[in-house]
Amino acid sequence: MTAALATIAVLHWAVLLVPGFNFVLLGQLAASGQRDRAFAAVAGMTAGTLSWALLAVLGVGVVFAAHPLLRDAVQVAGGLYLLQLAWRLWASAGSPTAQAQAEGLSRWAAARVGFTTAMLNPKIALFYASVFATAMPPQPALALQAAAVALVFGNSLLWHGGLALALSQPAVQQAWLRHAGVFNRVSAAVVGGFGLRLLWSSWQAWRG
């Protein structure tokens with residue numbers, strides 16, 4: 001059991017440490033002086049992580065592998081959602097204040113964005129399914145499955161919560177305020193890139 005959990009932890013941290021959309025979202029909220037919104041987004045992200053991990057244990061990865069059209073449909077929805085977020089970020093780049101740029105994002109809205117973006121990326125489910133299948137025995141005990149889900153949930157909470165705390169420090173906030181328009185446009189480009197990548201992956205899978 002210890003060896004299986006250690007393998008899952010190593011593989012999960014290897015993915016967490018690669019900057020992605022979550023880093024961009026938390027940077028936007030935390031650096032703009034909205035630490036509470038950033039932590040709300042963390043709650044949404046980790047809830048999405050918990051949901052996909054539970055579904056992976058229940059076999060949703062097998063379902064996606066057997067029905068690629070279903071997986072592609074979720075990916076297309078996720079790609080379009082990220083493009084919409086990218087457009088809003090780009091459009092807000094000329095706003096004079098951080099509050100205007102954030103468009104009055106509430107805690108609930110921040111949590112919803114974090115959760116939705118996690119749930120609209122089926123590659124997370126495939127990742128957990130493949131990691132669990134690789135690290136666990138053919139018929140894992142219920143205790144091992146529960147421990148694996150708790151492990152990835154704890155890792156996600158620790159990493160994203162740490163990011164939100166680090167990016168909300170005064171020095172980071174001051175730098176963001178000085179270059180808010182540039183940061184928003186860069187963030188929009190990155191988020192849009194993630195969205196296009198999801199759409200491109202779906203297009204390639206459909207052609208194949």
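Is Trp200 buried, partly exposed or exposed, and what is its relative accessibility? The legends below concern a predicted model.

**View 1. Trp200 on helix 11.** Trp200 is a residue of helix 11. Its relative accessibility is 48%, so Trp200 counts as partly exposed, because that class lies between the 20% limit for buried and the 50% limit for exposed residues.

**View 2. The nonpolar surface patch.** Helix 11, which spans residues 180-207, supplies the largest share of the patch, namely three residues.

**View 3. Helix 2 and its cover.** Helix 2 comprises residues 21-31 and is mostly covered, with nine of its eleven residues buried. The buried residues of helix 2 are Phe21, Val24, Leu25, Leu26, Gly27, Gln28, Leu29, Ala30 and Ala31.

**View 4. The chain as context for the close-ups.** The protein chain contains eleven helices and zero strands, and its elements follow the order α-α-α-α-α-α-α-α-α-α-α from the N terminus. Of the 208 residues in the protein chain, 44% are buried. Among contacts with a separation of 6 or more, 86% link residues 24 or more positions apart. The protein chain exposes about 10500 Å², of which carbon and sulfur atoms supply 71%.

Notes:
Residues numbered from 1 in each chain as written. Predicted model: local features only at pLDDT ≥ 70, side-chain atom pairs only at ≥ 80, totals over all residues. Heavy atoms only, no water. Helix = DSSP H or I, 4+ residues; strand = E, 2+ residues; numbered from the N terminus. Buried < 20%, exposed > 50% of the residue type's maximum accessible area, 1.4 Å probe, protein only. Contact = heavy atoms within 4.5 Å. Areas by Shrake-Rupley, 256 points an atom, 1.4 Å probe, with all protein chains shown as cover.
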